[in-house]
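Thanks for coming. I will go through one structure today, starting with the overall picture and then moving to a few local spots. Please have the sequence and the model open.

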Amino acid sequence: MLPLASGGVVAGGNIQVAGSIDFFSSSPPLEAPTTGTKTIALSAAFAAVNLLSSAALAADLHPVSAAGSEAAPLLGPVLVYGASAVVSLSLLFLLASRLRPLSQRYDLFGRGKNEAPEKPLKIDEASMSLDQSKAMADFLNNAGLKDIGALSVMTERERIQCAKNYAAKNSNQIFLIIGLLAIRDERARIEIAKIAAAHDGEGTSEHIQNYVIRDEQARIEIAKIAAAHGGWGTSLYIQKYAIQNEQVRIEIAKIAAAHDGEGTSKHIQNYAIREEQARIEIAKIGLMEDPFSIIQHIQNYQIGFDPLDIATCTAEEVVAWVRKALAGKGLNPALAEALYADMKRRDVGILLGLELVFQWTVDQEEVTKAASHSPATLSRTLLEKATGMAMGGFKESALAYSEKALGDLYEMAASLRQPVTIGAGLFQDKKLKRLLEFMHVAVRLVGVLGLDAGAVFPPLLAREAGTTVDVDNVEAVIRACTQLFLERFKTMFKIGNQPITIEQIERLEEAWGNLEVLYTLVGRFNGNSRWKNEIPVLRRVVEHVLNGTFDRLKYEGYEGDVEDCEKVKAQLAMLSGEKTQAGWRGNYHRASLYRSGDQSPSLTPEARLERSKDFLKSQVIPHAQEEGRNSIDIDREKVREIRSALLREPKQVTILFYKRDRGALLTALLEWAMETSDLNTYTVIVNLMRSSSGAMGLSTQLMDDVKTLADKLKPEVQGNEAIVFTTTTDDPKLLLMTGDLVNVSSCQNYRTGSHIETLLGYVVDANVKLMLSYALTRGDFESQVAYEEVKRLVESGAAMEFVAAKQRLRIGGREIDLKRPFRRHVIKLGSVQDGSASMRMEKSYEQSHFAEKEMKGQIDAVLSELAVQSGATLEKEIQIPPTRNPGGVYSDAAGGVHHGIYTLTIS
């Protein structure tokens, strides 16, 4: 091997040039022209040196003697340098011929004109599904291409770049067309899948097979990214990743649980984890994220516990559940009562109850020692274990803290869910004043940080407090947390130079209880390109709520925005004057005591069937149609085949057999459910859909819908006496929570709904209000005495006030938590043919209740009062003016989302 002057080497008859450019390849490199110019210069110099060297050697040769004794030693170098010169000259001519001007060598896309052309990409538009056609059209628009013809002449590299851009912008659609793009480079498909997973973990997981990734390690990496951004969907579809290593599946389940405790708990069995200790660890991680969901789905972890219906349970039922769980593990059930006073705060009680049982499996000795010391020591030990916080001196403190201070501390520790070491000095005050102030600002900051909390919050503490937050640094930590919170809050809601103060935010927190709905909505709006237009509207709402001027925004318009103010005038134009406008802006309520006598009324089986089918018709089928699973391209012959198979064998195995024909399968089930009049058959169909929802690939929305179908088949809550309260409201927090108020599936649930872009229509439209109806029984009060007192106040007609944002009733000096309403209506103001005012209620979202008749009577009375005060009639068909919300406004009765004028007809 001989070194070359240019820095290359001759080896085995091949020439390699520094920079690893193969000049003998079949296609030219795509580097800039300067690279080729430099290579020519180097090669020319190399050739010149070799030629000069050969000439010099020839000139220096002595005449050859007869014996050739002097010339022979120089013959080898001459031959080598001569050969090098010939090769260098050949290389020089070759480079000159190949490095022609770029205009002759490359087309518009930088593709070499001499390279062998790729086989044209052929896409059969006729064979694409409706969803694929929509996604392809969006993809082409995003790439700046007019039609599929333009796509077909692109190189693979160009298609890869377009796919990456589209995945980053609209990842919930890229999976539909990734196969059509014919990307042969697996590394590129892996990269595209990672980009998509970071934006849409659920969609990527559901359709990971579309990416055709053979590299298992790559699939594992994609699954981890998806789990961190979509715990529910990744858990639902984890089996599609075909990951063989159980330890890896455990790791992914832990990531998913930290992101979405409920979704992971629902589908933990999909991970096929045989190791019980690992399942307990995953449950504990999910417990930190969402204690309620873990206890509701605890049976899925197969660790020996029964679930508890959190929606209806009381603190006493939580204690009873913990007693049963302890007994099942061979522990003393009396330890349930030893969880201090915190069982009165249900979230914390659940957290500590589960932690007690879980911790027993890890370290029985520590649990036994703590329990034998005192109830306080046990509860504080469990709190540290559950939250990851270290509370120096708290367990051993002999101070008698107030029950409220302790409850606040436990509650905020459970909400913070960040590892923090608290110094003993902060526990010397029995009111825990400074500690609770720190906890409050920390919880608030972590809430606004969202998924960034783990990366931002610990470094902030380390910078301000070192290893421990204590009396000497707590003030600095509070200031730092408050400053960062204010910065993030302004950024989150895009409040530029608006002079927002921390005092305003704290007043809003006090009025609303918490700002979770704002943080959740802005996060979801930011995470979906289809919803980004809602952010400026939400910003306006937040600005006015903070300034105490929300009424002005809703009923007069956004100051300075002429178009918005004109829309408000149009929404209220049917009201005849100031008096009727004031009447519409007012809110009205009723309260009464309902007694049913000795026999509790019960919905007949026929009534329960009718109620569930009504929800099926008005909600489930439209949602299925919107998602494209029940569209016009469904194979009707396949639907009939599935119907016949289900009639022969209505079992899950039949569902699984047809799961690849999801559109036809769902259509068959929904049509069969609508047609049957037999409760037992209908129940079988609903249970089949619930048990097979994962295999059928149902979305979160449809899964929630199917659960509601099943819930509506249940008999109502039993009882014979209740305090019933009904009210109208235009409170901005409750309007944002419209889809989450009643425990019934809604596409406008701010946490999970598929149509949350329309929520702000309810909030800002001047012609929209809510009607809510609540029922309180003895179990909702801390004592029989308190219940009897409120009964007397209601029966005596005492003055009352609805504290809307906190959903509380003030009456006779008492403030009662109303919990969830059992019925919810959206009220809309419009006009009839002569232009006069009329109003209607959208369909009811409701839970069964024995006092339902009383609720209906109150709703009719309150609606009539609102109509009278507004000078409006209650016609069956009215015209609704256009919304102010860019995402539109939703109407169940009028069939979905509307932006312009629409007709509302209710039978």
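The protein chain has 38 helices and 17 strands. Helices (H or I, at least four residues) and strands (E, at least two) are DSSP runs, numbered from the N terminus. This is a predicted model, so local features need pLDDT of at least 70 and side-chain atom pairs count only at pLDDT 80 or more, while totals for chains, interfaces and linings use all residues. Residues are numbered from 1 along each chain as its sequence is written, and side-chain values use heavy atoms, with hydrogens and water left out.

Of the 907 residues in the protein chain, 50% are buried. Buried means under 20% relative accessible area, exposed means over 50%, and partly exposed is in between, with a 1.4 Å probe and protein chains only. Among contacts with a separation of 6 or more, 70% are between residues 24 or more positions apart; contact means heavy atoms within 4.5 Å.

Next, the nonpolar cores. A nonpolar core is a set of buried Ala, Val, Leu, Ile, Met, Phe, Trp, Tyr and Cys residues joined through side-chain atoms within 4.5 Å. The largest one has 197 residues, and the members that touch the most others are Leu151, Tyr211, Phe438, Phe457, Phe489 and Leu518. Leaving out residues up to four places away in sequence, leucine 518 touches Phe493, Leu508, Trp512, Leu538, Val542 and Leu736. There is also a second, separate core of 41 residues, with Phe615, Leu616, Met703 and Leu709 among them.

Now the charged pairs. Side chains of opposite charge can pair when their charged atoms come close. The whole structure contains 42 salt bridges, each being a side-chain nitrogen of Lys or Arg within 4 Å of a carboxyl oxygen of Asp or Glu.

One of them joins the side chains of arginine 444 and glutamate 506, at 3.3 Å from N to O. Arginine 444 is in helix 20 (residues 433-449) and glutamate 506 in helix 23 (residues 502-512), so this pair links distant parts of the chain, 62 residues apart. Arginine 444 counts as buried because its relative accessibility is 3%, whereas glutamate 506, at 34%, is partly exposed.

Which side chains does glutamate 846 meet in salt bridges? One is arginine 611, at 3.3 Å, N to O. Glutamate 846 lies in strand 13 (residues 845-846) and arginine 611 in helix 29 (residues 605-626), so the pair ties together parts 235 residues apart in sequence. Another is arginine 823, at 2.9 Å, N to O. Arginine 823 lies in strand 11 (residues 823-831), so this pair ties together parts 23 residues apart in sequence. Glutamate 846 and arginine 611 are both buried, and arginine 823 is buried too.

There is also a network of salt bridges that links Arg595, Glu721, Glu788, Lys791 and Glu795.

That brings me to helix 37. Helix 37 (residues 784-795) has 12 residues and reaches 17 Å from its first C-alpha to its last, close to the expected 16 Å; the expected span is 1.5 Å times one less than the number of residues. Its buried residues are Ala786, Tyr787, Val790, Lys791, Leu793 and Val794. The face turned away from the buried side carries the exposed residues Val785 and Arg792. The cover over the buried residues of helix 37 includes strand 5 (589-595), strand 6, strand 7 (768-776), strand 9 (808-811) and strand 10 (814-817). Just after helix 37, glycine 797 takes a positive phi of about 75 degrees.

Strand 6 (residues 721-729) includes threonine 729. Threonine 729 counts as buried because its relative accessible area is 3%. Its C-alpha is separated by 5.8 Å from that of asparagine 587, 142 residues apart along the chain. The side chain of threonine 729 also reaches the backbone nitrogen of aspartate 731 at 3.1 Å.

Last, a loop residue. Asparagine 749 is in the loop between helix 35 (732-736) and helix 36 (759-764). Asparagine 749 has 11% relative accessibility, so it counts as buried. Leaving aside neighbours within four places in sequence, asparagine 749 contacts Arg524, Gly739, Asp740 and Ile756.

Definitions and conventions:
A polar contact is a pair of N or O atoms within 3.5 Å; within protein, one must be able to donate a hydrogen and the other to accept it, and residues adjacent in sequence count only if both atoms are side-chain atoms.
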